Amino acid sequence: MKSEREDRLADLLTRCIDRLGAGETIDREEIRRDHPDLAGEILRTLETFHGLGARPDSIRALKRLGDYEILRQAGRGGMGIVYEAWDTAMDRHVAVKVLPAELLSDSKAVARFVKEAKIAGRLRHSSIVPVHAMGIDKGVPYFAMEFVEGRTLRQILETEGAAADGAGASSTHSGIESISALLRAVEGPER
């Protein structure tokens with residue numbers, strides 16, 4: 001069970017990462033002043049995850065991982081942050097999923113993330129986004145996949161699952177249940 005300190009740390013890191021995803025910078029002195037007991041851990045995690053900004057007193061949003069130039073944050077879930085990116089080696093538009101900073105020190109979360117990438121990389125189906133590559137850069141595990149603009153799988157499951165529930169049992173509904181079970185297995189329990 002998480003301690004109150006761990007909950008506070010996770011909450012503060014999530015807020016910082018959301019700010020970075022929105023294009024804001026994080027002021028180191030502000031973090032040290034407002035959260036002296038957690039400042040060292042927050043700043044180390046943000047530096048590992050996002051790298052240093054142009055000015056030594058700030059941390060900016062993640063700009064590059066491996067061959068991928070990060071364009072913007074496209075989505076966020078319990079087990080990852082997805083960025084829209086440009087694959088500079090292959091000259092193509094991609095999505096890059098990374099493990100959230102607050103989970104980088106959790107070996108089980110890292111193992112689950114790597115397992116997700118490997119499973120997704122083996123799947124071949126017209127409705128599944130192909131995984132192109134997996135790697136670690138600056139201590140951050142990531143995997144790159146085809147970028148698809150649209151709704152998240154969770155949004156689709158919520159919309160179509162509700163419609164299938166109203167229509168009674170159907171093959172669509174059983175397919176949605178199967179996908180939901182797969183998501184739960186890969187993501188682990190909801191937070």
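Visitor: How many helices and strands are there in the protein?

Guide: This is a predicted model. The protein has six helices and eight strands. Read from the N terminus, the elements follow the order α-β-α-α-β-β-β-β-β-α-β-β-α-α.

Visitor: How do strands of a sheet pair?

Guide: They pair through backbone hydrogen bonds, and the pairing is either parallel or antiparallel. Here six strands form an open sheet in the order β3-β4-β5-β6-β8-β7, and the pairing is antiparallel. β3 (64-65) and β7 (131-137) are at the edges with a single partner strand each, so one side of each has no neighbour in the sheet.

Visitor: Which residue in β6 stands opposite Ile-81?

Guide: Val-98 does. The strands concerned are β5 (residues 80-87) and β6 (residues 92-98), which are joined in the antiparallel sense over seven bridges. A helix also packs on the sheet: α4 (residues 107-122) touches β6, β7 and β8 (140-146). The direction of α4 makes about 155 degrees with that of β7.

Visitor: Is Asp-91 buried or exposed?

Guide: A residue counts as exposed over 50% relative accessible area. Asp-91 is at 55% relative accessibility, so it counts as exposed.

Visitor: Where does Asp-87 lie, and is Asp-87 buried or exposed?

Guide: Asp-87 is in strand β5. Buried means under 20% relative accessible area, and Asp-87, at 2% relative accessibility, counts as buried. Its side chain reaches the backbone nitrogen of Met-90 at 3.1 Å. Leaving out residues up to four places away in sequence, Asp-87 touches Asp-67, Tyr-68, Arg-92 and Val-94.

Visitor: What do nonpolar side chains tend to do in soluble globular proteins?

Guide: They tend to be buried together. In this model, the largest nonpolar core has 40 residues. Those that touch the most other members are Ile-31, Ile-42, Leu-46, Leu-65, Tyr-68, Val-96 and Val-98. Two or more residues come from each of α1 (4-21), α3 (39-50), β4 (68-77), β5, β6, α4 and β8. With six residues, α1 gives the most to this core.

Visitor: Which residues is Tyr-68 in contact with, leaving aside its neighbours within four places in sequence?

Guide: The contacts of Tyr-68 are Lys-63, Ala-85, Trp-86, Asp-87, Val-94, Val-96, Ala-133, Tyr-142 and Ala-144.

Visitor: How many residues apart in sequence are Met-79 and Phe-113, and how many Å apart in space?

Guide: They are 34 residues apart in sequence and 7.2 Å apart in space, taken C-alpha to C-alpha. Met-79 is in the loop between β4 and β5, and is buried, with a relative accessible area of 5%. For the protein as a whole, take the contacts between residues at least 6 apart in sequence: 49% of them join residues at least 24 apart.

Visitor: What percentage of the 191 residues count as buried?

Guide: The share that counts as buried is 36%. The protein exposes about 11,100 Å², and carbon and sulfur atoms supply 53% of that area.

How values were computed. Residues are numbered from 1 along each chain as its sequence is written. This is a predicted model: local features need pLDDT of at least 70, side-chain atom pairs count only at pLDDT 80 or more; totals for chains, interfaces and linings use all residues. Side-chain values use heavy atoms; hydrogens and water are left out. Two strands pair if DSSP finds at least two bridges between them. Helices (H or I, at least four residues) and strands (E, at least two) are DSSP runs, numbered from the N terminus. Contact means heavy atoms within 4.5 Å. Axes are lines fitted to C-alpha atoms, for helices over the stretch in contact, and angles run from 0 to 180 degrees between N-to-C directions. Buried means under 20% relative accessible area, exposed over 50%, partly exposed in between (1.4 Å probe, protein chains only). Accessible areas come from the Shrake-Rupley method with a 1.4 Å probe; for residues, only the protein chains shown count as cover. A nonpolar core is a set of buried Ala, Val, Leu, Ile, Met, Phe, Trp, Tyr and Cys residues joined through side-chain atoms within 4.5 Å. A polar contact is a pair of N or O atoms within 3.5 Å; within protein, one must be able to donate a hydrogen and the other to accept it, and residues adjacent in sequence count only if both atoms are side-chain atoms.
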